Amino acid sequence: MKEILLQKQNEVTEVAEKFRNSVAVVAFKYQGLTVDAFQQLRREMRKDGCEIAVLKNNISRRAAKECGYDLDKALSGPIAIAFSKDDLVAPAKHLFKAAETTKVEVVTGVVDGDVYSFEQLKTLSQLPSYETLLTQLAAG
């Protein structure tokens, strides 16, 4: 019994570390996606430095709470979490694009230390990428 509790605490610690090391974290519902579609989404997001993890909600809730985020209401049902270490916009941009053609449903997220609602994430997803902004700045 103690080994199971220790294993779960280690999982919480690992996920909390991912939360701390990510500039953007987006939780989304993936129910209804085929395995192929989910793997394709993972591959596309990996190209932009994002990682998708399917975790137990209890582990995710405890890790978020450990980092000071209240995501209890949002983390229910089948939820996956996208982590991005470098790009604030990439996870939201990919997930909202996927939501246009699949059954992906963005729930909530944490961007640069602040909890974002669905509406805030949607607005963020419409921003140009960092590289595009730099190009626009250089052209201007």
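Let's call a residue buried if it has under 20% relative accessible area, exposed if over 50%, and partly exposed in between (1.4 Å probe, protein chains only). Strands are DSSP runs of E with at least two residues, and helices are runs of H or I with at least four residues, both numbered from the N terminus.

A word on the source: this is a predicted model, where local features need pLDDT of at least 70 and side-chain atom pairs count only at pLDDT 80 or more, while totals for chains, interfaces and linings use all residues. Residues are numbered from 1 along each chain as its sequence is written, and side-chain values use heavy atoms, leaving out hydrogens and water.

**Exercise 1.** Work out how many residues of strand β3 are buried, and which way they point.

*Solution.* 
- Step one: find β3 at residues 79-84; six of its six residues are buried.
- Step two: recall that side chains in a regular strand alternate between the two faces of the sheet.
- Step three: sort the residues. I79, I81 and F83 point one way, A80, A82 and S84 point the other way, and all are buried.

**Exercise 2.** Find the strands that pair with β3.

*Solution.* 
- Step two: check β1, which pairs with β3 in the antiparallel sense over six bridges. Here A27 has I81 as its bridge partner.
- Step three: check strand β2 (residues 50-54), which is antiparallel to β3 over five bridges. I81 turns up again, as the bridge partner of A53.

**Exercise 3.** Trace the neighbours of strand β4.

*Solution.* 
- Step one: locate β4 at residues 105-111, where five of the seven residues are buried.
- Step two: look to β1 (residues 24-29), which pairs with β4 in the antiparallel sense over six bridges; A24 partners V111.
- Step three: look to β5 (residues 114-116), joined to β4 by three bridges and running antiparallel. V110 partners V115.
- Step four: inspect the turn. β4 and β5 form a hairpin with two residues between them, and D112 in the turn has a positive phi of about 50°.

**Exercise 4.** Count the disulfides.

*Solution.* 
- Step one: take the cut-off, a pair of cysteine sulfur atoms within 2.5 Å.
- Step two: apply it, and the count is zero.
- Step four: note the cover on C50, which counts as buried because its relative accessibility is 4%.

How values were computed
Two strands pair if DSSP finds at least two bridges between them.
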